[in-house]
Amino acid sequence: MATHLLTPPGLHHPASLSPSSSAARLRATASLAHPLLPSRLRLAAAPPSPSPRHRRRSGMSVVRSSLIDPDGGALVELVAPPERLPALRAEAEALPRVRLAPVDLQWAHVLAEGWASPLRGFMREAEYLQSLHFNCIRLPDGGLVNMSLPIVLAIGDAEKEQIGDKPDVALEGPDGGVVAILRRVEIYAHNKEERIARIWGTTAPGLPYVDEAIASAGNWLIGGDLEVLEPIKYNDGLDHYRLSPRQLRNEFDKRGADAVFAFQLRNPVHNGHALLMNDTRRRLLEMGFKNPILLLHPLGGFTKADDVPLPVRMEQHSKVLEDGVLDPETTIVSIFPSPMHYAGPTEVQWHAKARINAGANFYIVGRDPAGMGHPTEKRDLYNPDHGKKVLSMAPGLEKLNILPFKVAAYDTVAKKMAFFDPSRSQDFLFISGTKVGSLVLTAFIT
């Protein structure tokens with residue numbers, strides 16, 4: 001697949017793009033609005049030219065779902081075929097056991113469906129060190145894939161002793177049922193302070209994911225190849241929203257998408273979000289794409305206590321489509337199963353990388369993505385602009401087109417949501433997604 005790059009000033013422009021063309025104007029606008037490292041700000045200038053990804057059927061061009069290759073070239077799906085289930089259950093009975101916490105189960109889900117392709121299980125030490133220190137993993141062919149968050153499983157001293165030198169381990173879910181078998185395991189030290197400092201840039205107390213999943217975790221990490229017995233379900237009434245990367249790619253194929261733009265959020269959709277998403281589709285149409293599809297992809301794993309609960313968010317997202325705020329014909333709402341770290345520019349790379357594996361070739365990034373307030377000081381933990389800057393130059397994400405978030409606010413003159421005009425800043429009112437979330441939650445409860 002060809003990679004579409006914003007042509008930096010001073011380099012050649014294709015003869016077919018005149019300065020007056022829509023694509024040229026869009027590129028120029030993006031360059032002026034986001035002057036940082038323009039040679040790495042990835043915005044597609046036009047639809048991909050015909051390639052092996054486009055096949056002919058009945059005289060028509062049909063766009064395959066693989067608009068963008070998964071990392072490593074193929075989705076790594078780790079759920080065993082149904083016919084193996086009886087043998088795996090019998091095998092698991094004789095293996096040492098490790099009990100998964102709820103967050104561990106969410107990571108097993110992520111791995112099982114291929115969101116972290118080409119990972120084949122919880123990280124062994126070599127993968128962990130590469131992820132922790134380089135935000136990437138080296139492939140056997142010498143290539144790099146982005147992997148900014150370590151996906152690891154912690155165990156305690158008693159579990160380590162029980163496992164001993166056995167090569168395979170059965171993984172139990174929080175309810176005690178066997179979820180998976182971890183094969184050819186490797187156990188290594190879990191230096192929590194180093195892990196926290198490298199991922200968050202601070203060891204200050206009060207980091208939500210640290211409190212939930214690291215502080216009380218064991219002093220050892222266990223990695224290996226994962227074989228999941230059955231698709232992971234939560235039986236919370238929302239499983240039908242949890243589409244795997246394979247299912248999403250098939251849906252993009254079914255709808256004939258020639259571009260897929262992903263938008264992640266962990267709060268309800270407000271009118272500013274809707275304006276942005278509808279405007280993004282308009283821009284893609286102006287660039288020559290015929291059927292851009294929006295992947296509205298709320299995060300469904302662990303979130304901090306003051307975020308809006310997932311069932312409330314999903315009900316609101318459904319209402320947004322029902323009311324026509326977003327077009328159901330060109331929008332897919334699905335839950336992204338990953339837990340949330342609130343690790344700012346480090347974590348946003350993971351969010352973008354996972355959407356590559358789901359088939360999205362455009363990713364919308366906003367202000368302070370994956371960020372939060374400092375846990376002990378009255379300031380942001382991360383520079384709000386660093387997320388989009390890091391995405392524009394992150395190794396391993398070159399094939400993904402990054403769409404920076406345009407700031408929207410309520411225009412008191414036009415009496416509607418509009419993109420912010422700094423020349424008349426006094427006319428705009430701002431409300432954050434977090435504030436909208438608290439209002440929606442209050443309305444839901446009452």
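**Note on the predicted model**

1. Of the contacts (heavy atoms within 4.5 Å) in the protein chain between residues at least 6 apart in sequence, 76% join residues at least 24 apart. The model is predicted: local features need pLDDT of at least 70, side-chain atom pairs count only at pLDDT 80 or more, and totals for chains, interfaces and linings use all residues. Residues are numbered from 1 along each chain as its sequence is written, and side-chain values use heavy atoms, without hydrogens and water.

2. The protein chain has 13 helices and 17 strands, taken as DSSP runs numbered from the N terminus (helices H or I, at least four residues; strands E, at least two). Of its 446 residues, 54% are buried (under 20% relative accessible area; exposed is over 50%, partly exposed in between; 1.4 Å probe, protein chains only).

3. The peptide bond between Ser117 and Pro118 is cis, and its omega is near 15 degrees. Pro118 sits in the loop between helix H3 (102-113) and helix H4 (125-134).

4. Arg184 has a positive phi, near 50 degrees, and belongs to strand E8 (residues 178-189). Arg184 is exposed, at 51% relative accessibility.

5. For Ala370, which is not a glycine, phi is also positive, at about 60 degrees. Ala370 lies in the loop between strand E13 (362-365) and helix H12 (386-391). With a relative accessible area of 8%, Ala370 is buried.
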